[in-house]
Amino acid sequence: MWQTGYAMLVDRRKRGLAVLMVLVILTLAGGAAEAAWPVAEVKGDVWKLVTLQSYNSRLVILSTTLLGATSGLIGVFLLLRKRSLMGDALSHATYPGIGLAFLLMTSLGGEGKWLPGLLLGASVSGVLGVVIVSAIRRTTPLKDDAAMGIVLGVFFGAGAAIMKMVSNLPGADAAGLDGFVYGTAASLIFSDFLLILVVAGVVCGAAILLLKEFTLVCFDEAFATSQGWPALRLDLTMLALVTAVTVVGLQAVGLVLIIAFLIIPAAAARFWTHKLHVMLLLSVMIGGFSGWVGSGLSSLLLDFPTGAVIVLVAAAIFLISMVFGFARGILPRAVRHALLRRKVGRQHLLRAIYELLERHQLDAAEPVSNLAIDFESLAVHRSWSPAELQSLLRTARGEDHLEDEVPGRVRLSESGFGEASRVTRNHRLWELYLIRYADIAPSHVDRDADLVEHVLDADIVRQLELELKGRPVRMFVPPSPHLIDQSAG
Amino acid sequence: MEFNWDSLDTWTVVIGGLSAVAAAMPGCFLVLRRMSMMGDAISHAILPGIAMAFLLTHTRITAIMFIGAACAGLLTAAFTQCISKYGKVDRGAAMGIVFTTLFAIGLILIRQSAKHVELDPGCVLYGSLEYSVIDVVQIGALEVPRAVISIGSVMCINVLFIVLLYKELAASSFDPSLANTLGFNSGLIHYLLMMVVAVTTVAAFESLGSIIVIAMLIVPPATAFLLTKNLAHMLVLSAVVGLLSAFLGHLGAMAIPPVFGLEATVSSGMMAVAAGALFFSAWLFSPSQGLFLRLGERREHAGRPLPPTAGEGS
C-alpha cells in the first residue's frame, strides 16, 4: 500500500497535495513534540513567540531567519560547485582577523570591540584565506581538500595565538571576543539586525543579478571560460558573498555552526528537485525555517545555545529530506526502482506468453489466437524459476492481464492480450531499428533491445514506425527478425 | 631579548613534538586519500563523545574519554559514508553536515551539564598546557608530565599502526579497488584510520587543544608531499616537519609577542603557525615543485630561441 502512496508522491501532478500532507504531518509532529517536551522549562507563550509579539525574542528570531535564508541561498552554489567545505575553511580563516582588528584598534587607542572594525578584520583575513586556498590549488599538486585543511589549521592556530595575546593585554577588556567561536545569538541588538539585513539584501541582490553567470560556472566551468565569461572573477565574487554571510553569521551562531548554515539547507533542498531555481527557493525556505523555529525553540528552552538548536532543526529537515525527497530521496528512489522492476517483469511475462502463442500459429499471416499456456513451457521459455514465475503471475493477475483458468495453465485476458501484442510489437520495432541502423547482428539483438524497450514512450514508438516505414510491416505485430530459441533455458 | 628556558619549556616542546608526530603520520594518509578535512571534522565531532562519556561516568578518566571520542570519530566516518552513499551527497558536504550536527549536540550536552561540572568547550579548542605540564608523575628519578605519557603512548600506537599496516594503508590509499582485489578490506582500514585520528585528537586536546591536531594532521604531510614522491620518505619527513614546528612554535610563542610589547602567547597556536611557515617555504623552495623553480623554468623556456622555421631561418 505504501508503494502506491509514494507512487503518488513521485507523480508530478499530485505533488502539491503530497507537499501539503507532509507539511500537515510536520506541523502536527512539531506541536506534539512541543507539548510533550519533558525536560525543558518553558517560559513565555509559544504563540506570542512564534508570531513575533514578544519583544525579547523578536530581534533574535528575525536575525536568525534572515541569516538562515541568506546562507541557504549562497550555500546552493557552494554545494553545486562541490565546495561545501570552503565555508569551513573560510570561517576558521576569519578568526585571526578578529583578534588582529581588536589588537589594532586597541593600540590605536580606540574601542577594541567596535563591531564594524572586527567584522572588517574578519573579512580581510577570510578573503586572504580563500586566496591562499586557490593559490595552493593552482600552483602545487596538492588537491582542494589539502589546501583548505592547511589554511584552516594554520589560520585557526594563528587566531588562537592572537586571541591569547589579546586576552593577556593589560587594560583591554577582551571578554566576549570568544563569542565569535560559539556565537551569542541571544545578545543580538538592533544594529546587528540591521547589519544582517543589509548583508542579506546585498547577497540576495547579487545572487539574483548574477544567477545566470553563477549557474554557468557551477555546471560547466570550462564551457563558461571558453564562452568568454570571467570564470575566475565570478568564482571569487561567489566566495566574497560567502565571506560576507560567514562574517555576519559569526556573531550570531559562531564560526563552527555557520558552516552548517551554509551546507545543510542546500543539501536538504537538493533532494526535492532537479531544477536550480526551485532548489534555490527551497534552500532559502529551509534555511529561514530552521532559523525561525530553532531560535524560537531555544528561547523557550532555558540554557539551550541558539546556534546549536538551529543546526539540529536544520539537520532534522535534512534527514526527512534525505529519506522522503521526491527527486533524490532514498524512499522515492527505491519506490521508482521497484516500480520499474515490476513493469519490466510484467512486460517480460506478457512477451513470453505472446511468443509462445505465436508458436501455436499455423500460418504466419494469420492473426495470433489467444490460447491457454501451461506454466511449464512458460518457465522454460525464459528460464524462470517456479517462484519467480509465480510472483510475476501474481503481479499480472493484480493488473487484470490474466484470466483464471485451469490450474497449471494461464490465459491472457482481453486487456492482457492487447498489452502483450503492444509490448511484443515495441520490442520487435526496436530490434528492427537496431538491426538496420546500429548494425547489430540479429542473433544478438534480443538482449540489446531489452535494455531500452521498457522505457520507450508513445512518441518514440511513433518515430520508430516512421523510420521503419520502408520495410514491409504487414501485420499489427511484425514477425520476429530472429529465431526465437525453442530450447532456451 | 632574553630567554628563560626551563624544564617546563622543554616539556612543552616534548608534548608538542609528540602530538605533532602522532598526528602527522596518520595525516599523510588523509592527504593522500583526499580526506584532509576529515581531521577538522573529527576534532569537532568528538565533542559529544567526550561529553557523553563524562556525563555517564562523571569522571575525567582519560581511558573513558578515549572510548567516547573513538566512538564519535567512528560515527562521523560512518554517517558521512552513509549520507554520501545512500543520499548521493558530495562527500565534503556530507562531512560538513555530520560534524556540525554532532558538534551542536555536543554543545548542548556540555551547556546542560555546565551547571554542575566544569568541562569548558574552550578548553577543547585551546587545551590547558600550563596545567598539564605541572601535572606530573614520578618515573624513576624523573618527573614526567602525565600528558607526555598519554601522548607518547598514542604516538607509539600510531607508529605501530602504520608500520604494521603499511602495505594495506598504502594500497588502499592509492588504489582502493586494487586493495580489495588483493584481499585487504579497505573499508575496515578506512575506519581504523578514522579511529586513530579521533584517539590522537583526544590525546592532544587535554594539553594542546584540538587546534594542533587539525594543523598537524595536514600541514606537515602536505609539506612533505611537496618535497618527496616516496611514501616512506613522506612519512619520515612529515614527522620531522612536525617536530621542527613544535620547537619553532614554542620559540615563536616566547619570542614574537614581546616584540610587540605583549605577553607570551599560547604555544599550540604558534606551533600551527610555525608549521604553516614551514609549508610556505616548501611551497616556494621545494627542489621538485617549488614556485621559484617553476618560475625559473618558465623564464628559461621563454629565453630559449624558437626553432627555425622554413623560409625564415634563425
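Modeller: In this predicted model, Ile373(A) stands opposite Val410(A) in S3(A).

Biologist: How many bridges join S1(A) to strand S3 of chain A?
Modeller: Two bridges join them, S3 covering residues 409-412, and the strands run antiparallel; strands are DSSP runs of E with at least two residues, helices are runs of H or I with at least four, and both are numbered from the N terminus.

Biologist: And which strands are at the edge?
Modeller: The open antiparallel sheet of chain A has three strands in the order S1-S3-S2, where two strands pair if DSSP finds at least two bridges between them. Strand S1 (373-374) and strand S2 (402-403) are the edge strands, each pairing on one side only.

Biologist: New topic: how many residues does the contact take from chain A and chain B?
Modeller: Each of chain A and chain B gives 58 residues, with contact meaning heavy atoms within 4.5 Å.

Biologist: What area is buried there?
Modeller: About 4,900 Å² is buried between chain A and chain B, and carbon and sulfur atoms give 76% of that; buried area is the accessible area (1.4 Å probe) that two parts lose on being put together, summed over both.

Biologist: How many salt bridges cross the interface?
Modeller: The rule, a side-chain nitrogen of Lys or Arg within 4 Å of a carboxyl oxygen of Asp or Glu, finds zero between chain A and chain B.

Methods
Residues are numbered from 1 along each chain as its sequence is written. Chains are lettered from A and ligands numbered from 1 in the order in which they are written. This is a predicted model: local features need pLDDT of at least 70, side-chain atom pairs count only at pLDDT 80 or more; totals for chains, interfaces and linings use all residues. Side-chain values use heavy atoms; hydrogens and water are left out.
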